[in-house]
Amino acid sequence: MTPYSLAFYMDVVTTGTVLGVGPGASPDRVTRALGSGFGENIFGNRSMCRDYGLAEFFWDRDSVHHPWSGHHFTLQVHRLASRDRTLVNETLRARYGRFTPRLRFEKLQRLLERRGVPLLEIPEIPANAPYFRTFWQPDSHVAVSVIGTYGEYSTPDHLRVGDVYQIQAPMAAEEVEWRRRRVK
């Protein structure tokens, strides 16, 4: 068995879900899966984010008369380096155990490859290069952002080169192609 939080990250990258909840899930569905302990921000009645500590889910809608539509989720892995144990909610800890303060990309990639789940490096957007590198899982449409090189004011001081910064889903194949065309 994969120890602790590595199993969680492998599940997310493989399935494109958090505890079986995908980026298109309703706010109620996400809360049923992750619990009611979240911070909520609504921006202009058309965008909403619920922050569960490690996981953030985002929705938008056409107007206040329309339901929320799931947009994406992000795992803010970099937050764990602050060693605040409350960042990982009880639901995740009950299922996966203790979460380490850093996630080494090489280890995650190696374990995923053993499962037949490749992570392909894709071009970084210019504003983030060379400080960050992005890897994409084409079946689940999950993107993994990794510290590529240290940069004062560009990367967090508490992370090392090769640490995972965040994991996000979905990243559509169209965005991957757009990034590839930009570097040609």
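Predicted model: local features only at pLDDT ≥ 70, side-chain atom pairs only at ≥ 80, totals over all residues.
Residues are numbered from 1 along each chain as its sequence is written. Local features need pLDDT of at least 70, side-chain atom pairs count only at pLDDT 80 or more, and totals for chains, interfaces and linings use all residues.

**Exercise 1.** Find which strands pair with β8, and how many bridges join each to β8.

*Solution.* 
- Step 1. Strands (E, at least two residues) are DSSP runs, numbered from the N terminus. Two strands pair if DSSP finds at least two bridges between them.
- Step 2. Take β4 (residues 69–75). Three bridges connect β4 to β8 (residues 164–169), antiparallel. Leu-75 has Ile-167 of β8 as its bridge partner.
- Step 3. Take β7 (residues 142–147). Four bridges link β7 with β8, again antiparallel. Here Val-146 lies opposite Val-164 of β8.

**Exercise 2.** State the volume of the second largest pocket and describe its lining.

*Solution.* 
- Step 1. On a 1 Å grid over the protein atoms alone, a pocket is an open set of points where a 1.4 Å probe fits, with protein on both sides within 12 Å along at least five of seven lines; lining residues have an atom within 4 Å of a point.
- Step 2. Volume is the space filled by probe spheres set on the points, which are joined across faces, edges and corners. The value is about 210 Å³.
- Step 3. Of 14 lining residues, Thr-134, Ser-145, Gln-166, Gln-168 and Arg-179 are closest to the centre.
- Step 4. β6 (132–137), β7, β8 and α5 (173–182) each give at least two lining residues.

Technical notes. Heavy atoms only, no water. Nonpolar A, V, L, I, M, F, W, Y, C, P; charged D, E, K, R; others polar.
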